[in-house]
Amino acid sequence: MKKKGGGKLFAKINNAENKSNYIPLGTFVRVNYPEGNFKNIFKLPESSLYGENIYFVEDGIAKKKKVNLLYKGSGYILVDGNISEKDLIITTRMPDNLNNQKVTILN
């Protein structure tokens, strides 16, 4: 998966001698293709990411955790790493010095 979207795709169209199957060079097209296996992949708001890290709350303390950015969409990211569905991930954008800071969960 690409991190920022976009990319190049090379494809072959069978029976290209038929003009109805011809796509001129340089034409912009939309292509849907499988994005891979999403097992242990988490979709988070883009505001959750701090460089290569996210912050989660453990016993009222913000803890930094490194993740792998797999994809960046419009307002969201797909990441993998040592994350659990039970982790309380901070999704509100905060200053980047949260590690080991006491936090209160409001909702």
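**Entry 1: a turn between strands**

Which residue in the turn of the β2 and β3 hairpin has a positive phi? I looked it up and found Asp-59, with a phi of about 55 degrees, in a hairpin that has two residues between its strands. I am working on a predicted model, where local features need pLDDT of at least 70 and side-chain atom pairs count only at pLDDT 80 or more, while totals for chains, interfaces and linings use all residues. I number residues from 1 along each chain as its sequence is written, and side-chain values use heavy atoms, with hydrogens and water left out.

**Entry 2: the paired strands**

I take strands as DSSP runs of E with at least two residues, numbered from the N terminus, and I call two of them paired if DSSP finds at least two bridges between them. Strand β2 (residues 53-58) runs antiparallel to strand β3 (residues 61-72), and six bridges join them; here I noted Glu-58 opposite Ile-61 in β3. β3 also pairs in the antiparallel sense with strand β4 (residues 76-81), over five bridges, and Val-67 has Gly-81 in β4 as its bridge partner. The hairpin of β3 and β4 has three residues between the strands, and in it Gly-75 takes a positive phi near 90 degrees.

**Entry 3: aromatic rings**

How many aromatic pairs does a search of the whole structure find? I counted rings of Phe, Tyr and Trp (its six-membered ring) as a pair if their centres lie within 6.5 Å, calling planes under 30 degrees apart stacked, over 60 edge-to-face and the rest tilted, and the search gives two pairs. Tyr-50 and Tyr-55 make an edge-to-face pair, 5.0 Å centre to centre with 75 degrees between the planes. For accessibility, buried means under 20% relative accessible area, exposed over 50% and partly exposed in between (1.4 Å probe, protein chains only). Tyr-50 is therefore buried at 4%, and Tyr-55 is buried at 0%. The pair of Tyr-71 and Tyr-76 is tilted, with 6.0 Å between centres and 40 degrees between planes; Tyr-71 counts as partly exposed because its relative accessibility is 22%, and Tyr-76 is partly exposed at 25%.

**Entry 4: Ile-89**

I then turned to Ile-89, which belongs to strand β5 (residues 88-89). Ile-89 lies 32 residues from Val-57 in sequence, yet the two are 6.4 Å apart in space, C-alpha to C-alpha. Leaving out residues up to four places away in sequence, I found that Ile-89 touches several residues (contact means heavy atoms within 4.5 Å), including Leu-44, Tyr-55 and Ile-83.

Terms used: Helix = DSSP H or I, 4+ residues; strand = E, 2+ residues; numbered from the N terminus.
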